[in-house]
Amino acid sequence: MTHSEATSAPAETAAQVPAVRHAATRRVAVAMEHVPCNHCGHQVTHGVHNVSRLVQCVNCGLIFVNPRPAFADLARQYEGSYFHCAEPTFGGYEDYEADHADIVRTFEGRMGVMRDQVRGERPRALDVGCATGIFLEVARDAGWQPEGVDISAYALARAEAKGFKVQRGTLLDIELPEAAFDVITMWDLIEHVPDPAAVFAECHRLLKPGGVLAISTPDAGSVLARVLRGRWLGFRSIDEHLYFFSHRTIAAMLEHAGFEVRRFVQVGKVLALPRLVERMRFYSRIAALLLRQVDRVMPRLSIHVNPRDTMVVLAVRPGEPPEG
Ligand SMILES: [Zn+2]
């Protein structure tokens with residue numbers, strides 16, 4: 001475990017530079033910490049696409065934010081306002097539960113991607129970063145036995161009200177028994193955590209042999225990211241997102257943790273038209289204006305959008321599953 005203590009108060013030894021926070025948490029002066037590459041430990045990096053504090057390890061190619069605010073400061077953003085915010089382009093969601101039907105459709109798509117890898121009739125599943133429990137609902141409806149972990153008290157209160165077993169904390173804070181799960185899911189989570197290598201190692205410990213880890217995360221190696229460079233929406237979420245993975249870098253980290261990477265799938269999501277307008281506005285005012293006209297004629301329309309810049313990675317803890 002390298003620097004999982006980042007979840008507590010900033011360490012005295014960390015290089016600290018007063019700075020003004022990015023839009024995700026807005027104009028709050030906090031201490032910044034410098035971190036080595038989370039995969040290989042190298043300290044030497046170069047800048048990426050002229051995006052402030054976005055760097056790439058010269059040794060292994062991992063892209064990350066450095067320096068960055070301590071996670072204890074970042075964690076505060078995940079309370080109520082994160083799930084109802086005005087500027088989701090820079091992090092958060094407009095109104096998470098109001099988009100329930102669209103999020104369910106998105107997760108049903110992801111269940112489809114995992115289906116042939118997951119074994120057992122009623123797999124025991126852990127959803128890390130479960131938020132208000134929408135994936136838990138989809139998994140329960142599919143016959144799974146899901147439970148959740150999240151750091152947001154606001155979100156967990158909603159998941160608990162739906163009858164789910166949930167725990168508050170990061171995956172590294174809470175204590176779960178070894179080899180307890182058939183599936184671990186992390187939807188749009190790993191890019192937020194301060195120590196992804198430690199999270200992968202913990203997932204490996206928690207999964208039964210033959211168990212599946214499913215991760216979705218923005219794909220920094222996608223065509224869209226490579227063409228748009230600093231203008232890619234993915235790189236606009238600095239500090240909310242701390243790491244930006246490509247197929248190559250995430251596979252290297254998963255293999256280092258003992259996983260066997262089985263498959264990459266470029267996945268889309270279902271978005272209500274106004275949500276899509278909000279994202280398009282960032283790239284093209286004209287396209288956004290046109291979509292807004294469509295929304296006037298066909299309100300409540302949701303469409304499946306797949307710009308092919310989000311990946312789902314399926315990885316397996318090698319070994320034969322236990323009997324029963
Ligand atoms: Zn590295």
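Let me begin with Pro196, which sits in helix α5. Keep in mind throughout that this is a predicted model. Is Pro196 buried or exposed? It is buried, because 27 other C-beta atoms lie within 10 Å, and the cut-off for calling a residue buried is 20 or more. Which residues does Pro196 touch, once neighbours within four places in sequence are set aside? They are Asn38, Ile190, Tyr243 and Met253. Asn38 is 158 residues away from Pro196 in sequence, yet their C-alpha atoms are 7.2 Å apart.

Met253 takes us to the next helix. Helix α7 covers residues 247-256, and its buried residues are Thr249, Ile250, Met253 and Leu254. Seen down the axis of α7, these buried residues fall within an arc of 130°, so they line one face of the helix. What does the buried part of α7 pack against? The partners are α5 (196-206), β13 (260-266) and β16 (310-316). After α7 comes Gly258, with a positive phi near 105°.

Now the core. The largest nonpolar core has 71 residues, and the members that touch the most others are Phe135, Ile184, Leu213 and Ala214. Helix α5 gives this core its largest share, seven residues. Where does the core lie relative to the domains? Domain 1 (4-70) and domain 2 (100-272 + 303-316) both contribute residues, so the core lies between them. Taking Leu213 as an example, and again leaving out neighbours within four places in sequence, its contacts are Ile184, Cys203, Leu207, Phe259 and Ala315. There is also a second, separate core of six residues, including Val270, Ala272, Leu276 and Met280.

Next, one of the sheets. Four strands make an open antiparallel sheet in the order β3-β4-β5-β12. The edge strands are β3 (45-47) and β12 (243-244); each has a single partner strand, so one side of each has no neighbour in the sheet. Strand β3 pairs with β4 (residues 54-57) in the antiparallel sense over three bridges, and Gly47 stands opposite Val55 in β4.

Last, confidence. The mean pLDDT of the protein chain is 84, with 85% of its residues at 70 or more. Over residues 1-25 pLDDT stays under 50, and for that stretch the model has 60 contacts beyond four places in sequence.

Definitions and conventions: Residues numbered from 1 in each chain as written. Predicted model: local features only at pLDDT ≥ 70, side-chain atom pairs only at ≥ 80, totals over all residues. Pairing = 2+ DSSP bridges. Helix = DSSP H or I, 4+ residues; strand = E, 2+ residues; numbered from the N terminus. pLDDT = per-residue confidence, 0-100. Contact = placed C-beta atoms within 7 Å. Buried ≥ 20, exposed ≤ 12 C-beta atoms within 10 Å, placed from the backbone. Arc of directions from axis to C-beta. Core = buried A, V, L, I, M, F, W, Y, C linked by C-beta atoms within 7 Å. Domains from an automatic or database assignment.
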